[in-house]
Amino acid sequence: MADIVFRNVSKSYGAMLAVEDASFTVNDNEFFCFFGPPLSGKSTILRLILGLETPDAGEILIGGKPVNTVSPAERNVAMVFQNLALFPHMSALDNVRFPLVERKVADVDIKRRVADVAAKLHIGHILHKPPAQLSGGERQRVAIARALVRDPNAYLMDDPISALDARLREETRVELKRIQRDLGKTLVYVTHDQEEAMSIADRIAILDNGRIRQIGAPAEIYDRPASTYVARLLGSPVMNILKSVRGDGGVEAAEGTVRIADRAAPAEAIEIGLRPEDIKVKPWTGNETADGGPGRPARVFEVEPLGGYTVVTLAAGQARLKALLRGQPDIRPDAMVAISCEPARVHYFGQGGSALAR
Ligand code: ADP
Ligand code: MG
């Protein structure tokens with residue numbers, strides 16, 4: 001059992017409040033991700049779990065046991081540092097064995113652990129090779145095996161694959177996700193890459209200046225962001241956020257842009273949010289009435305064909321919007337289009353940018 005619990009934990013460096021009143025539970029066997037911009041407190045949270053830092057306030061529990069005064073060694077939590085590079089002069093096998101040899105683990109136990117990890121990572125057949133003879137993906141698997149060969153209560157990873165090129169990063173994150181599931185270990189993972197956080201984690205905690213702003217499954221945070229801050233962090237292109245104006249008959253509309261016939265729109269809404277994939281774009285027929293009909297007029301500002309989908313930037317009223325369309329639609333710059341959005345897909349935000357229930 002290795003769940004990790006923070007109860008109202010704070011940590012300052014001088015006047016800098018690095019982590020403020022953090023409360024969360026990482027469940028046993030969970031892939032839990034901290035996501036936030038640089039300096040938001042991600043690494044400090046890992047160091048607090050590891051025991052390299054002591055909280056100024058609050059309580060930390062690992063496996064149900066308070067650990068505020070427990071040394072890092074006794075916590076038995078393994079930190080995987082940023083660098084997943086292999087030692088080039090050692091075989092893959094010696095690379096994987098290295099952390100156990102260093103800790104003077106008995107030979108028979110080393111054999112057993114290495115065989116176990118090698119089977120789970122499907123690298124048994126390449127262990128005799130030096131890194132130079134391995135493909136990029138194989139090298140990553142061996143490096144992950146070396147990181148995982150110890151048998152701790154939980155693994156911590158601080159942005160472990162950010163140094164890799166984009167393709168290897170995509171490959172490696174799939175491997176990591178699969179490996180974590182096979183090993184059945186608690187993994188606390190830090191990233192500043194929203195796509196990585198979304199794709200890899202069972203749950204994500206969103207950090208902002210040392211504060212946890214939302215915790216949830218990726219799809220839950222994406223579909224129901226608690227604030228404009230969170231809404232803008234996840235999604236590419238980012239959510240369109242527009243000023244909200246109350247029109248006739250309980251209709252909520254963003255000024256001069258999209259008309260949303262939503263009678264259930266909350267009266268306190270100050271801003272509305274529209275995900276780019278929720279904006280419908282149709283050719284302008286000229287029959288649309290100026291204030292409604294099947295869509296409001298917009299001018300196509302620019303078109304970015306990305307193969308499987310196309311990003312269209314629209315000039316609508318006073319605003320710029322981005323729409324994400326499937327495939328490669330026949331839309332050109334400067335064309336007039338009609339844009340609309342299903343009321344059910346609209347996000348409403350009130351005072352301080354916090355999300356409102358409809
Ligand atoms: P992240 O990992 O999200 O980039 P950090 O946890 O490293 O953020 O840092 C959070 C805040 O704490 C930052 O403002 C950073 O400058 C400060 N900080 C982190 N470590 C130290 C330290 N050892 N001494 C002083 N300030 C620190
Ligand atoms: Mg960091």
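The paragraphs below go from the domains to a set of paired strands and then to a pair of helices.

The model is a predicted one, and its chain is divided into domain 1, covering 4-225, and domain 2, covering 240-356. Between the C-alpha centres of domain 1 and domain 2 there is a separation of 40 Å.

Consider the strands next. Strand β1 (residues 4-13) and strand β4 (residues 57-62) run antiparallel and are joined by five bridges, with R7 standing opposite E59 in β4. Strand β4 is also joined, again in antiparallel fashion, to strand β5 (residues 65-66), here through two bridges, and in this pairing L61 stands opposite P66 in β5. The strands β4 and β5 form a hairpin in which two residues lie between them, and G63 in that turn has a positive phi of about 60 degrees.

For helix α5 (residues 136-148) and helix α6 (residues 166-183), the axes come within 10 Å and cross at roughly 40 degrees. Because angles under 35 degrees would count as roughly parallel, this crossing makes α5 oblique to α6, and the crossing of the two is right-handed. On the α5 side, G136, G137, Q140, R141, I144 and L148 take part in the contact, where they meet L168, E171, T172, E175, L176, I179 and L183 of α6. Sorted by class, the contact of α5 with α6 has six nonpolar, four polar and three charged residues.

Methods:
Residues numbered from 1 in each chain as written. Chains lettered and ligands numbered in written order. Predicted model: local features only at pLDDT ≥ 70, side-chain atom pairs only at ≥ 80, totals over all residues. Heavy atoms only, no water. Axes fitted to C-alpha atoms, helices over the stretch in contact; angles between N-to-C directions. Helix = DSSP H or I, 4+ residues; strand = E, 2+ residues; numbered from the N terminus. Parallel < 35°, antiparallel > 145°, perpendicular 65-115°, else oblique. Left-handed = near helix turned anticlockwise from the far one by under 90°. Contact = heavy atoms within 4.5 Å. Nonpolar A, V, L, I, M, F, W, Y, C, P; charged D, E, K, R; others polar. Domains from an automatic or database assignment. Pairing = 2+ DSSP bridges.
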